[in-house]
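Q: I am new to this structure and would like to go through it step by step. Could we look at it together?

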There are 2 protein chains.
Amino acid sequence: MIKLASRSINIFMQQSKVPFAHYKVPEAKEDSYVTGLKLANSLKGSELVPFIPINGRQVNFYYCGPTVYSNSHLGHARTYLGIDVIRRTLRDYFHYDLLSVMNITDIDDKIITGANAAKQDFLEFTKVWEKDFFDAMEALNIELPDVITRVSDYVPEIVTFIQKIISNGYAYESNGSVYFEVQKYIADGHTYPKMRPEVNAELLQEGEGESQVNKQSEKKSPYDFALWKASKPEEPKWQSPWGEGRPGWHIECSVMASAILGNPIDLHAGGIDLLFPHHDNSLAQAEACFNCEQWINYFIHLGHLNIADRKMSKSLKNFMTIEEVLKRYTPRQVRLNFAIHQYDAPQNYSEEQMEQAIAKDKSYQEFFQNTKIYLRQSQVTDAQKWTENDFQLSALFRSTKQIIHQALTNNFDFPTVVDATDKLINQVNIQIAAKNVRAPLISSVVNYVNFIFGLLGINYQTLFSNQIDIQPLMEQVCSIRDKVKVAARNNDFESITNAVSQKQLEYEKNISNHLVDAINQFQQEVLVASQNKNKQQIFQLCDKLRDQQLFNLGIKIEDKDKDQASVWKQYDVQELKLEREQQQVLLQQKEQQKKKEEQEKLEKAKLSPKEFFSQQADKYSEFDETGLPTKDKDGNELSKKQKKVVQELWEKQNKLYNSYLEQQKQQQ
Amino acid sequence: MIKLASRSINIFMQQSKVPFAHYKVPEAKEDSYVTGLKLANSLKGSELVPFIPINGRQVNFYYCGPTVYSNSHLGHARTYLGIDVIRRTLRDYFHYDLLSVMNITDIDDKIITGANAAKQDFLEFTKVWEKDFFDAMEALNIELPDVITRVSDYVPEIVTFIQKIISNGYAYESNGSVYFEVQKYIADGHTYPKMRPEVNAELLQEGEGESQVNKQSEKKSPYDFALWKASKPEEPKWQSPWGEGRPGWHIECSVMASAILGNPIDLHAGGIDLLFPHHDNSLAQAEACFNCEQWINYFIHLGHLNIADRKMSKSLKNFMTIEEVLKRYTPRQVRLNFAIHQYDAPQNYSEEQMEQAIAKDKSYQEFFQNTKIYLRQSQVTDAQKWTENDFQLSALFRSTKQIIHQALTNNFDFPTVVDATDKLINQVNIQIAAKNVRAPLISSVVNYVNFIFGLLGINYQTLFSNQIDIQPLMEQVCSIRDKVKVAARNNDFESITNAVSQKQLEYEKNISNHLVDAINQFQQEVLVASQNKNKQQIFQLCDKLRDQQLFNLGIKIEDKDKDQASVWKQYDVQELKLEREQQQVLLQQKEQQKKKEEQEKLEKAKLSPKEFFSQQADKYSEFDETGLPTKDKDGNELSKKQKKVVQELWEKQNKLYNSYLEQQKQQQ
C-alpha cells in the first residue's frame, strides 16, 4: 500500500508542474455574444477569465443544490442568494439566454442515517426537508431554477453513465461497488484534480467520506473513489449490472448536468466547500465518460460563511436556520447583508453586520419614499430648463452607470455597485431636499436604481405601490390635519370645526375599513374638542392620528416646518412592526451597556485613592503615605510631568470616592 | 429671379450625383459597445446601418415633440408610442445608457393664431395644450423624456447660435429677419438637403410656410429659409441684434438639441412628415454653426398614419383625439395596435385593426391568467424530471429568444417579435391545458414574455397583482361554492348547510368591504335556500355569485367539468366594464346586420315569381306567361340545364311569395 501511494504521488507531481495548464479559455467566434464579463474561474486558479458562451447568447448553467436531511441554514442562504443574484445579473443585466439546473441530493449517507432515525422511508424523509429548503428559498425571494433534478429520479441514467466510464477504461467493479481509477485516468494524460493541483495524498484519501473508510481493500489505490456503492442492509437500493446498490455522491452531478445540458457546459457553480473533492471528481467522471478535455468552461465558487468568526456548527450553538433569521430580519435586510460582500470572498456574519444592512435598507426605503413624494408633487408643466444642478446630476448619473457596468463585468463586484449607488442616492437626496432639480431626471435615476436593486432581488417600488391607491384620500387627510393644526395655533376654532365637518371624504370604494374608520374617528374627536375649545387635546389628537392610528396601518405622516405641508409615506405594516422591534432591541442593548458602564463607575468609586493606585502594580512600584505613586514599575523615580499626572488622577479619584462616601451616608 | 432659380438647381444637381455619399458610418472603436443593432437611417436613404454610439454605451437621443396649439390626436399617439417603445428597447433590452431630450414648440405661427383667437397670452395658451399633450402621454403610459426643452426658454441661446452661423458666413440679415444662405452653404462643399436628395426646386420653396410667402423679396434666393423673423404686430417678440423678432421654426431643434447633447449626437427621431424641410434644415443649421460634416449620426423616422385609408384631418371628420380613443379602448389595446405594425412603415388605422388588437390583448390576458393558475396549483415538491415535452418547449423557448433577438436588432422589428411571442404562448397554452410540463420552466417563459411586453410598455403581471391579495379568501370561496353545487346535485341539503355555516372565512384585514359583503350575502342566501330545500334557487345563487356579484368586483369564476375544482381570475374592474361595452357594440353591429338581411329577405318575398324574373333584364330577355325566362340577355334560348335552374328558382320564389301572402292574410 505504501509503495502504491508514493507511486501515485509521483504521478500527481508530474502532471502539476504548471498549475492550471490544462485550462483552455473559450475563444470568441464570429457569432459569439461578448459582453466584457469576466469571471473568477476556479479552473484557472480563480483568475479572471473573459466569459464566452459556447452558442451565441445561450448559457447552460448547473449549480449544486442542497442535500436534504435537515433545516436550511444561513450557509444555504449565502450560497443560494449569491447564485440568485448571479442568475438575475446574467439574465437581466447581460441578457444571456440562461438555462439553469439545480439538483436535489436525496440519496446520501446523512439522509440514510436521518431517515432510519426518524423511522421513515428515505423519500418521505427527504420530501420534508426539500420542502423546508424551498420554503426558505421562497421566503428569501430566491427564484427557482428552470430545472430541478432529484438524484432518485436519475438512477438508470447514472448506471448507464458508469457503464460508459468502465468501457472507456477509467472505472472498475470490485465487490459489488464501482470505483474511479485515478491513476489510469492520469496516466492517459488527463489532469486530476483540476481545480486543486496543490492537493496532497492525505487530502485525496479523505475525500471519500466516513462510509468508505473501511473499503480501502476493495480499491486498486487509496485515491480511487466510489461511483457505485454495493448496498448494505437498511439502505435504499437499486438494481444494477453490479448487483443491488446506490450511486456514489459525486456521480450524480456529472450525470444530471449532462442529462439536461449535455457536453460541454458553460457554467457550473457551488459552495467553495464542495470544490474538492466533489467538483473535481464530478469533472473527472464526466470527462472520463465523454472522453473530452473540458466538460465545464467556467467553474465559480461561493465563499465560505463564518458566524461571529467561527465556523457555523450545531455544537458551537451558532447554527442559525433561515426560519430563525427571518423572524428577526426582513428578507430584504438579509439579502442586502450578503449583497454588500463579494460573492466569492469569505464572509463573517455578525449582528453588527446586520445592523449595517438594516441601516442601508432604511436609507434605501427613504430614498424611494422621498423621490416618490418629490415626483408626486412635481408637475410636468413646471419649469423644465436644465440648470447647472441638472447637468451635474446627469453627469454623475452617467459616470455611476459606467462604474456599475465595469463592476458587474468584473466578476459581479456588487460591493462596488452598492457603493456607487449609495453615492448617487446621496446626491439625489441633497438635490431634492433643495428642490433644485428637474423631476424627469429624478424619475430616470429612480428607475435605474430600482433596476439595479432588481439584480439583488429587491424591489422597493412595488413594496410601496402593491396596494390599493390611497393617494387621493391621504392628500385630503394631510390637508385637513394641517389646517386643524394651523387653526389651533391661532385659536381659530371655527376653522377647525369647518375643516373636520366638511363634505364626506372621497376615496376608492375598495379601500380598507380600518383606514376610513381611523380618519372618521379623528374627525369626530377633533370636532368635539373644537366645540370645547380644547386646544391641547386637538394637538394630542393630531399626534395620535400620526403616531398610533395611521402608523398601525403602515402609514407615516411627516410634519414639516410650520408653513410647509406635511407629507405621508406608506409602508408594509408587518415591516413597520419588525422595525419597531428591531429598534427596541437596539434600545435595550444600549440601556444594558449604560447600566454596565454605571456599575463599573460605581465599583471604581468605591476605591479610596490609595486603593486605586495600589491596584496598578503593572504601572507603579512605590507609593507615599497618601497612596500617591513615587516610582514606576521598573523602580525609576517618576518624572516631574508624570508626578503631575498622578497628582491629578489622585485628586479625581479622591473626589469620586468622597461623593461615594457621601451617598452611602445619606442612604443610611 | 428665374435665372437665380435655375442656377441653384444646377448646384443641387451637381452635389446629388451619388445620393447619400455624404454619410459616414460611425466606426467601431476599441471601447465601442456593439450589440448588433441596425437602424433604418434616413441619412443613408433608410438603409440599415449598424448602430455604434460615439461614447461606449452612452446614447444621446433627441426627438421632436409637439407644437402645442390643439388636442393631441391619434397621429401623436403613433409617433410617441413608437418612440416610447424604441426608448424602452434601447434601454431595457440593449442596455444603452440613454439620455433623451424632447422639445415643446411653444412659439409658432399656429400658436400665435390660436392665442390671438382665444385672446390669451401665447404662453398661457400653450400651457393648456402642453398639459393636454402630457396628460394624453400619461394615459398611454408613455414615459417622459429625461429632458424637456421649451423653445420659449431658449431664445437667448437661439440668438447666439444664429450669430455664429452669420459669422461662419452661412446666414445674412435682411429687413430685420435672418435667412440661411443655401447656395453659399452648398458652394462651400456642404450637402443640402441631406435626407431628400431628390427634392426639387418647387418643394424647396414650399418649405417655408404661409407666413413667409410674401418675404421672397427679402431673400437672396427663394431656397433660403428664415432663422429669425422680424416681429409683426400682435406677435410675441424678443430683443435681438437684428431688432425685435422671434425664432424661425427649424432653428429651435438645432439649438436645443445642441444645448443639452452637444455635437455630434448619436440619434435623432421624429415623424416622417418632418423629414423635409424641418429635419434637413435642422441639420444644415447645426452643421453651419459647428462647421462640421455630420451633426447627427442616425436619423430615424416614424411612419405616417392614415385613418381608414385617408389622411387624418378635421375637414374629413376622421380627426380622432387621444382622449376620444381612450374612451373606447384601453391604453393597452391602443399600444398593441401600434406595436403590431413596423414603426417606420405607413400604417392605416381602422376599426377592424382595433378589433384585432382587442383579440390579441384578450389572448395575452388569458395567457397570464392561465399560467398564473397553473403556477398557483403547482408545488415545487411535484414530480420534476423533464420529459420530452419539457425538452421541446425549452428548445422552442430558446429559438423564440433567438428570433426575437434577431428581430430587435433588425431595426426594432416588433411585428416579428409579436408573431414569435404568439407562437410560444400558443405552445404553452397547449402544454398547460394538458398539464404536461414542469412549472419552473413555465415560470421562466412567463417572466420572459412579461419582459418582452415590458418593451411595449405593457405589464400584464402587475395588472393582476397590483391589488390586495385575495388569494386565500378566493380559494375558500371557490371551494365552498363547488361543495354547494355538488351537494345540490345530490339533494344533500345537510352538506350545503354545513358548507355555508362553517367558521368565519379567513382573509386579509384590509380587504374590500364589497367582496366580503358579497360572499356573506351568498352564504346567508344559500343557507335559507338550503333550509327550504330549494335546489333550483341554490344553483341560481351560485350563478349570481359568479355572473354578477363577483364579476362586478373584477373577479371571474370559471366552472370546470363536474369533478374538477373551479378556478378564479382577477381583472381590473374598469377594464371588465369596457370589455362588456366593447362586446355590446359588436353585438349591436351583428344585430343590425341581421335586421338588414331580414329586411332584404322581406323585400324579396314581396315579389311574385313573374315580377322576380322581370327585374333581371341583365340576365334574361324573354319570359313565358308564368314569368319563367325563356331566352338569355343576348336573345339565345336557354339550355336544358339553364331551364332547370330557372325552374328551381321560380319554385323557390313562388314558395317565398306564397308564404308572404299567407302572412299578410293573417295580419289582416
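Q: What pLDDT does chain A average?
A: This is a predicted model, and chain A averages a pLDDT of 89. A score of at least 70 is reached by 92% of the residues.

Q: Where in chain A is the pLDDT below 50?
A: The pLDDT is below 50 over residues 1–8 of chain A. In the model, this stretch has 9 contacts beyond near neighbours in sequence. Where pLDDT is low, the predicted coordinates should not be read in detail.

Q: What ipTM and pTM does the predictor give the complex?
A: The complex receives an ipTM of 0.83 and a pTM of 0.84.

Q: Changing topic, where does A:G457 lie?
A: A:G457 is in the loop of chain A that runs between α15 (439–455) and α16 (460–465).

Q: Is A:G457 buried or exposed?
A: A:G457 has a relative accessible area of 10%, which means that this residue is buried, the cut-off being under 20%.

Q: And which residues does A:G457 touch?
A: Leaving aside residues up to four places away in sequence, A:G457 touches A:R88, A:N141 and A:R335.

Q: What separates the C-alpha atoms of A:G457 and A:N491?
A: Those C-alpha atoms are separated by 52 Å, and the two residues are 34 residues apart along the chain.

Technical notes
Residues numbered from 1 in each chain as written. Chains lettered and ligands numbered in written order. Predicted model: local features only at pLDDT ≥ 70, side-chain atom pairs only at ≥ 80, totals over all residues. Heavy atoms only, no water. pLDDT = per-residue confidence, 0-100. Contact = heavy atoms within 4.5 Å. Helix = DSSP H or I, 4+ residues; strand = E, 2+ residues; numbered from the N terminus. Buried < 20%, exposed > 50% of the residue type's maximum accessible area, 1.4 Å probe, protein only.
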